2 protein chains.
Amino acid sequence: MQEFNIQPINLNLTDQIQKKIDLKTKPSGSLGILETIGKQICLIQNTLEPTLQKPSLIICAGDHGITNEGVSPYPQEVTFQMVLNFLSGGAAINVFARQHDIRLKIIDCGVNYDFNDHNSPINCKIDYGTKNFLNEPAMSAEQCNIAISNGAKLVTESHHNGSNIISFGEMGIGNTTSAAAILCKLTGISPIEACGAGTGLDEKGIFHKAQIIEKAITKHQRATTPFEILYTFGGFEIATIVGGMLKAAELGMIIIIDGFIATAALLVANALNNNITDYCIAAHQSNEKAHLFMLQHLNLKPILNLGMRLGEGTGAAVAYPIIQSAVQFINEMSSFEGAGVSKSSSNEVKV
Amino acid sequence: MQEFNIQPINLNLTDQIQKKIDLKTKPSGSLGILETIGKQICLIQNTLEPTLQKPSLIICAGDHGITNEGVSPYPQEVTFQMVLNFLSGGAAINVFARQHDIRLKIIDCGVNYDFNDHNSPINCKIDYGTKNFLNEPAMSAEQCNIAISNGAKLVTESHHNGSNIISFGEMGIGNTTSAAAILCKLTGISPIEACGAGTGLDEKGIFHKAQIIEKAITKHQRATTPFEILYTFGGFEIATIVGGMLKAAELGMIIIIDGFIATAALLVANALNNNITDYCIAAHQSNEKAHLFMLQHLNLKPILNLGMRLGEGTGAAVAYPIIQSAVQFINEMSSFEGAGVSKSSSNEVKV
């Protein structure tokens, strides 16, 4: 597969950034996670004056052969129907992206539908859905490579157009099953621990989904490297996101990590190159059961915990203004000296 | 004191609102807390098409005689210095209010400083700081009544100018001590449970603060009604906020509740009229120790938990875009039928 050259972030400015934050007119540390995020963005951009430019969100859609096993309460056609909904601006992600002026790109990575020319997503279609991974690998190694390089190209284009902060959303009926299988293989947890309700399974449905994953894992025991795991259990949209995330980190962009599917893609990307998380900000803790475990495995702390479990990049979009707040306080707040405000007598306030 | 006529919210539209939300193109319940907030705002406004108009934030500043007891690591003059910082736009709340187009009003409720005419807060000054409540009531009943009616007037004016969503921030060195005393008196928890670091006390400082409150509570045992508790232990800014909150609920406005001090004011307002929480949305869980307890006592769930403990209304401002998202998904998302999206086969999805 394509190589990505991801540098660990440069820590040279760490002390200067901390000093700048501590001189702001507020008790030390009193902006909590905003301070952590602000620092991280300064480090990613190696500057004391961070900026967020042209935030972009790439929604990757693909269908999944595993839906033949009854792992979702929604029929497969909901994937293309929702893609059309994205294109006409009526989905949740459209609402939140408009709210925060986030540029959306809708990508057909492998939807089981022929879009007409008048109302089409960007065409990165590899096939009309993956194979059923209960029986055979979801895709070929070659297809997986194409998806990864598609993701990289999409991100390169966004970066070229001036974006320095990006996120990835997804749509694909059946993809929480795919993501849970990846999670099991990469971290060793059991299918029943990895499986949640997805779009709305009941307890019995979740148990069935875990059994399917259990069988598939047993069948594909020889899939052990991150790349093999990705093409065996993944989806075209997940592989595209993996490539997109790796490229974004290579380009030094800030990556906002959405929910369960996007974080499964990050698990793969991180297994390929663990410098990537330097560039990642976890938007939220999804209500999908194993998402918190995934984030902890990656040592990421989510900004929000709103009980959301919708995908599409909605968590990333809703969290975006908080990231903006983190950047803006660093750039716009006055210092104690500049504002003529007395400092604390306490040692705790390091100014 | 002034009477406020707060109606419980009208629940007539409950089923219709829920139906509208459940027909949106998303799995049922998948927007989590956004759905809860959206519903609440529809109920407050008794509509299926809620709006947020001219969000406003009233920052109330006042000084506290209790600072004589060494309860804060910052000197009292920081109160007026920060008011000047608010007026010149360099404080954290200015940054976040600008970000979200929230109109700020800066109020001198009782700061120990004479502001000159060129750069002045709105004058609602009752005195040059409260008395030291270790020795005597912080203010007279009459002063407390004036502060409450000042708050009501300020809110009436904002409402008259078209605002339907309001929050209250504060500045006052020493006011976490005042708020903690109110918390103890209204809920019965002990001073050591109620006291946190405030602007940055260490363990020893927190213990000292709790001892001061313990002594003051013992001295003022006869203060038992919410109004007596407010004038005995409160601050001019806290009493002004109490009046503002009560008026806002009377006017049917959405009230965003900020951190520890603002929530202490709400404890008093709620003790006076417990219909008020129908109109309240808790912005965040402050890092000030007893804030979560306060929210639980009021049966409010905070939107954010970012480890912030700055006051000024910063938590409310940072949470504002999340409240906007809740309103916008209700107004802008398409329905399953409208978008031609198939429904779930699961019973869990009530459509």
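Helices (H or I, at least four residues) and strands (E, at least two) are DSSP runs, numbered from the N terminus. This is a predicted model, where local features need pLDDT of at least 70 and side-chain atom pairs count only at pLDDT 80 or more, while totals for chains, interfaces and linings use all residues. Side-chain values use heavy atoms, leaving out hydrogens and water, residues are numbered from 1 along each chain as its sequence is written, and chains are lettered from A and ligands numbered from 1 in the order in which they are written.

**View 1. Helix α10 of chain A and what follows.** α10(A) covers residues 236–250, and its 15 residues reach 21 Å from first C-alpha to last, close to the 21 Å expected at 1.5 Å a residue (1.5 Å times one less than the number of residues). Of those 15 residues, 14 are buried (under 20% relative accessible area; exposed is over 50%, partly exposed in between; 1.4 Å probe, protein chains only). After the helix comes A:Gly252, with a positive phi near 75°.

View 2. Eight aromatic pairs turn up over all chains (Phe, Tyr and six-membered Trp rings with centres within 6.5 Å; planes under 30 degrees apart are stacked, over 60 edge-to-face, the rest tilted). A:Tyr113 and A:Phe115 have ring centres 5.0 Å apart and planes at 75°, so they pair edge-to-face. Ring pairs join both to A:Phe80 in a cluster. A:Tyr113 is partly exposed at 28%, while A:Phe115 is buried at 14%.

**View 3. A ring pair in chain B.** B:Phe133 and B:Phe233 sit edge-to-face, with centres 5.4 Å apart and planes at 75°. B:Phe133 is in the loop between β3 (122–123) and α5 (141–160) and B:Phe233 in α9 (226–233), so the pair ties together parts 100 residues apart in sequence. Both B:Phe133 and B:Phe233 are buried.
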